[in-house]
Amino acid sequence: MRLVNVNYIDVEKYEYYVAKSIYSNGIVLLQENVKLNLNYIKQLDSKNIQYIYISDEISEGIEPNDTISIEKYREVKEVIKDQFNMAKKGKNIGLNMNIINNTISELLDTITSKRDISYSINEIRMSDDYLYEHSLNVMVSCLYTGILMQYDKMKLQKLALGAILHDIGKVFVDSDILNKPGKLTSEERVEIEKHPELGYRYVSDNYGNEISALSKQIILQHHEKWNGKGYPNQLSGDLIYEMARICSVADVFDALTADRVYRKKIPIYKASEYIYSLGYNDFDFDIVKLFLSRIVKFKQGSIVKLSDGAKGIVYDQNKHMLDRPIIKLLVNKNGKNMAHKNIFIDLIEEKTLFIEKQLENIFSN
Ligand SMILES: [Fe+2]
């Protein structure tokens, strides 16, 4: 199976089957194993569902190794959505810290129980749920980084709580400004840049005893930059709490890999390069290196073009070199279809080849 953008598949020419049931608002929209047709594609489109798991001939034998199952991801996202909506309604209702802490503990157990510590970011997103999905993704990637930094369980819990709530202040910012497609005016920018302080104030006023000082600092400082050019307090270097420094890397990385109203998402391998290039100015570079070291750059099932012009599908990861996976050849460098030949290229062995780019489908260049 593989993850595809439904806009790039041709259901009239090829056969595609739904590999994992697709949900919309908690209801099954398409069951596993259903064959896709134009009608279904239209339905997905009307629900704003762009990415789905399908099984087809070329992806046979591929099992994407999700960090968190789609079901769990959806469940946690709904918890975050509920909690953020409660916060928006006012302090008499507000957040339920028990629910949030239990959700974090469960996820932490899932992640630490896996021996494989490569992190495959979730790319299935609903445009209306950006804030909740973003909060969840940022929390999970913070946890991975925290684990690499040998944080103990208590520290990881604090890191995750701050990360899950890092953008809670956005529920108090006008959504028209947050979702504005065009360029922001300077007044609008000022409004958006209030969110770290709004969030910090909200949790301090209402959950002063239940949320640790460290978690609160993540909310306040996640837009500070290593070079002192961030906000709200233009802190620099070590003056920014370490946990906030982790969160700021995870925050930018996740934002880059999501479609937004004002720009298209960029693929994970490019986002990784971009984060690296920002490393010295915006972030703590040691954290950047650690963060990127375990991110899966090319997910299993991605279609890629190699440096010699051949095309293939990412078949498996090389756990110690996540930018050089094992590729199953689909089209050779002379343009000949090789999909049935079962030829595998291990990029650790084939040292002169590299992945030039990720493609939307086998026909793109
Ligand atoms: Fe933020």
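1. Asn5 stands opposite Tyr51 in strand S5. Elsewhere along S5, Leu3 has Tyr53 as its bridge partner. Both pairs belong to strand S1 (residues 2-5) and strand S5 (residues 51-55), which pair in the antiparallel sense over four bridges. Strands here are DSSP runs of type E with at least two residues, helices are runs of H or I with at least four, and both are numbered from the N terminus. Two strands count as paired if DSSP finds at least two bridges between them.

2. The model is predicted: local features need pLDDT of at least 70, side-chain atom pairs count only at pLDDT 80 or more, and totals for chains, interfaces and linings use all residues. Residues are numbered from 1 along each chain as its sequence is written.

3. Strands of a sheet pair through backbone hydrogen bonds, either parallel or antiparallel.

4. A second open sheet has five strands in the order S9-S8-S7-S6-S10, and its pairing is antiparallel. Strand S9 (344-346) and strand S10 (355-359) each have a single partner strand, so one side of each is left without a neighbour in the sheet. From one strand to the next, the twist averages 40°; axes are lines fitted to C-alpha atoms, for helices over the stretch in contact, and angles run from 0 to 180 degrees between N-to-C directions. Inside the sheet, five bridges join strand S7 (residues 311-316) to strand S8 (residues 326-331), and these two run antiparallel. Asp316 stands opposite Ile326 in S8.

5. The protein chain has 12 helices and 10 strands. Its domain assignment gives domain 1 (2-59), domain 2 (70-293) and domain 3 (303-359); such bounds come from an automatic or database domain assignment. The centres of domain 1 and domain 2, taken over C-alpha atoms, are separated by 30 Å. Five residues of domain 1 are in contact with six residues of domain 2, where contact means C-beta atoms, placed from the backbone, within 7 Å.

6. The largest nonpolar core has 68 residues, and Cys142, Ala160 and Ala163 touch the most other members. Helix H4 (residues 130-148) gives the most to this core, with eight residues. Domain 2 (70-293) and domain 3 (303-359) both give residues to this core, so the core lies between them. Another core, of 14 residues, lies apart from it, with Leu3, Tyr16, Ile22 and Tyr53 among its members. A nonpolar core is a set of buried Ala, Val, Leu, Ile, Met, Phe, Trp, Tyr and Cys residues joined through C-beta atoms within 7 Å. Buried means 20 or more other C-beta atoms within 10 Å of the residue's own, exposed means 12 or fewer, and partly exposed is in between, with C-beta atoms placed from the backbone.

7. Not counting residues up to four places away in sequence, Ala160 touches Ile104, Leu108, Met139, Cys142 and Leu143.

8. Gln358 is placed in strand S10. Gln358 counts as partly exposed because it has 18 C-beta neighbours inside 10 Å. Its contacts, leaving out residues up to four places away in sequence, are Pro267, Tyr269, Phe298, Ser302 and Val304.

9. Some backbone angles deserve a check. Most residues other than glycine have a negative phi, and most peptide bonds are trans. Gln150, in the loop between H4 and helix H5 (153-164), has a positive phi near 65°. With 7 C-beta neighbours inside 10 Å, Gln150 counts as exposed. Asn342, found in the loop between S8 and S9, has a positive phi near 55°. Asn342 has 10 C-beta neighbours inside 10 Å and so counts as exposed. A cis peptide bond, with omega about 5°, joins Tyr231 and Pro232. Pro232 lies in the loop between helix H9 (213-221) and helix H10 (242-256).

10. On the overall form, 37% of the 365 residues of the protein chain count as buried. The C-alpha atoms fill a box of roughly 65 × 45 × 45 Å, taken along the principal axes.

Note on methods:
Two residues are in contact if their C-beta atoms, placed from the backbone, lie within 7 Å.
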